Amino acid sequence: MASLDRVKVLVLGDSGVGKSSVVHLLCQNQVLGNPSWTVGCSVDVRVHDYREGTPEEKTYYIELWDVGGSVGSASSVKSTRAVFYNFVNGIILVHDLTNKKSSQNLYPWSLEALSKDSSPTGIIVSNGDYDREQFAENSVPLLLIGTKFDQIPENKRNDVLTRTAFLSEDFNAEEINLDCTNPRYLAAGSSNAVKLSRFFDKVIEKRYFTRDPSQMQSFTDRRRFNFKSLHND
Amino acid sequence: SYRSVSIPPQVRQYVVQVVFSVTFAFSCTMFELIIFEILGVLNSTSRYFHWKLNLYVILLVLIFVVPFYIGYFVVSNIRLLQRQRLLFSCVVWFTFMYFFWKLGDPFPILSPKHGILSIEQLISRVGVIGVTLMALLSGFGAVNCPYTYMSYFLRNVTDSDILALERRLLQTMDMIVSKKKRIAMTRRQMYQRGEEQNKQTGFWGMIKSVTSSPSGSENLSVIQQEVDALEELSRQLFLETVDLQATKERIEYSKTFQGKYFNFLGYFFSIYCVWKIFMVKFWSQHISFILVGIIIVTSIRGLLITLTKFFYAISSSKSSNVIVLVLAQIMGMYFVSSVLLMRMSMPLEYRTIVTEVLGELQFNFYHRWFDVIFLVSALSSILFLYLAHKQAPEKHMTL
């Protein structure tokens with residue numbers, strides 16, 4: 001398993017927010033026709049031109065790992081899906097703009113993946129100070145994607161955008177709000193496409209061009225794949 | 001279990017929340033009234049009044065309100081019928097009423113002296129449905145409870161079993177990733193070559209495009225099929241790993257003090273359940289009533305938990321309204337039948353109020369019907385669990 005050549009980005013969020021649709025849009029440039037519940041983890045590959053348009057342009061194959069489930073899942077499910085959180089180079093957090101709970105659940109989601117919370121109990125973090133502390137030292141690039149933007153009525157849009165602005169501040173991440181059934185939101189040249197490109201560039205930079213080698217596998221889970229202990233049994 | 005993985009989309013419709021809450025509230029009040037009856041709380045005439053009131057409300061909800069709204073929301077989901085929603089909901093409701101009424105034919109639940117508009121007509125039918133449900137669930141519960149909690153049945157799962165499965169899972173994911181990379185690379189090349197091909201004009205251009213290597217689309221469909229198979233495998237491996245993890249946690253739990261306590265309770269109730277299966281009436285009436293009460297409470301708790309898991313497993317943003325209403329219907333009918341059946345275990349002096357309120361139904365029929373369905377359900381569950389238990393260890397041996 002040559003982990004040297006891999007760029008892995010997790011896609012996290014509650015069930016039904018549209019992670020599979022987002023991943024399909026990002027990787028196939030098409031709208032997903034028949035979304036269904038994701039069991040376990042589904043992976044897709046995005047072809048990304050790093051530093052597009054410059055002399056340093058290079059093509060990378062970024063793996064998007066769409067991990068299904070909810071923050072309230074049984075602990076057996078959480079232990080199992082923790083195997084997918086190894087060697088992560090970036091995280092895309094997806095939430096449903098029409099569902100406030102899915103936005104709040106991004107905190108326990110990100111904590112679960114970043115392994116800082118040793119017992120992910122699904123308690124919603126609402127205290128602003130607590131968030132900043134957790135994410136201040138985080139070096140894994142994050143991106144926020146809000147879905148079902150078209151289903152927000154005009155008069156509520158400002159409130160929703162204010163809310164997501166707070167989120168993006170807490171996570172220290174860019175935010176993109178879109179409708180997964182409309183590829184126009186990510187059309188080339190749009191500000192969303194630029195943010196997306198910048199995010200993936202940042203992921204690749206942190207992955208390959210960082211000077212500190214200890215940051216390459218910053219969030220390996222504590223008890224996973226300790227092959228030495230396996231042989232000592 | 002893995003089934004409780006998704007958070008259901010919010011049930012937005014206020015009316016659905018209200019209907020469910022009302023059903024639950026009036027169901028619980030019935031049990032309250034039974035307890036009041038036994039403890040002698042409140043004046044007996046006011047108790048009778050509240051019984052009647054509660055019963056009428058619950059029947060109104062279970063026979064008119066909930067089925068109508070179920071029809072309404074189902075019809076709302078179907079685009080063709082959406083324009084004439086109210087009309088079609090009424091059609092659905094009348095169909096429901098027809099079958100509901102027909103339910104009375106095969107069962108000897110009424111004596112001929114009951115008029116056609118009497119309350120006994122409605123309760124008797126609700127009772128049949130609810131009693132069937134109760135018996136099915138109790139039969140399954142009586143078998144499943146010892147199976148789940150008694151450590152004798154827990155398969156031995158070690159950490160290395162789990163690690164090995166996880167390794168297989170990640171290997172499968174890696175294979176999927178490398179194949180998808182190949183597909184993406186090939187597609188990109190085809191796209192770029194496609195652009196060049198479009199520029200090839202004329203006779204020589206045509207020859208060139210025909211003789212160039214056909215690496216493109218045939219390979220792609222083969223790889224895509226391999227990917228589909230691998231993805232199916234990854235899902236299975238994921239579910240198996242979750243299953244092993246859950247078993248391991250149950251083993252760990254059974255070693256704790258709490259686990260041992262519930263294990264003991266499990267043995268105790270298993271013996272009582274087995275006794276009930278073979279219908280030995282050894283206990284005195286009062287103890288029997290308490291134990292049946294406990295079984296009903298735990299089975300109602302089990303019912304609500306099962307219904308919740310079921311709801312999480314199958315709900316989507318379109319169907320969550322319908323599902324909540326169906327659950328309210330099941331819950332209401334279950335509660336009404338509990339009252340019917342409790343009469344059997346209640347000491348004689350308290351039976352009169354139940355008989356007075358519910359009218360002169362053929363209670364014996366319900367008891368016999370319950371016993372039959374309970375037996376059938378318990379035996380089928382034993383068979384089912386036996387097969388499942390036998391099959392499972394072989395799955396993990398192919399490592």
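**Entry 1: the sheet in chain A**

I started with helix H1 (residues 19-28) of chain A, which lies across strand S1 (7-12), S2, S3, strand S4 (90-96) and S5 of chain A and runs at about 165° to S3(A). Contact here means heavy atoms within 4.5 Å. Axes are lines fitted to C-alpha atoms, for helices over the stretch in contact, and angles run from 0 to 180 degrees between N-to-C directions. Helices (H or I, at least four residues) and strands (E, at least two) are DSSP runs, numbered from the N terminus.

Helix H7 (residues 191-208) of chain A also packs on the sheet; I found it touching S1, S2, S3, S4, S5 and S6 of chain A, with its direction at about 95° to that of S2(A).

Before going on, I note that this is a predicted model: local features need pLDDT of at least 70, side-chain atom pairs count only at pLDDT 80 or more, and totals for chains, interfaces and linings use all residues. Residues are numbered from 1 along each chain as its sequence is written, chains are lettered from A and ligands numbered from 1 in the order in which they are written, and side-chain values use heavy atoms, with hydrogens and water left out.

I read the strand order of the open six-stranded sheet as S2-S3-S1-S4-S5-S6 (chain A), with mixed pairing (two strands pair if DSSP finds at least two bridges between them). S2 and S6 of chain A are at the edges with a single partner strand each, so one side of each has no neighbour in the sheet.

**Entry 2: S5 to S6**

I looked up the join between S5 (residues 142-147) and S6 (residues 174-177) of chain A: they run parallel, with four bridges. The chain gets from S5(A) to S6(A) through helix H6 (residues 157-171) of chain A, a right-handed β-α-β crossover. Right-handed means that, with the strands pointing away from the viewer, the path from the first strand over the helix to the second runs clockwise.

**Entry 3: rings in chain B**

I checked B:Phe24 and B:Phe335: their ring centres are 6.4 Å apart and the planes at 65°, so I logged the pair as edge-to-face. Rings of Phe, Tyr and Trp (its six-membered ring) pair if their centres lie within 6.5 Å; planes under 30 degrees apart are stacked, over 60 edge-to-face, the rest tilted. B:Phe24 is in helix H1 (residues 14-39) and B:Phe335 in helix H10 (residues 320-345) of chain B, 311 residues apart.

B:Phe335 is buried at 2% relative accessibility, while B:Phe24 is partly exposed at 32%. Buried is under 20% relative accessible area, exposed over 50%, partly exposed in between (1.4 Å probe, protein chains only).
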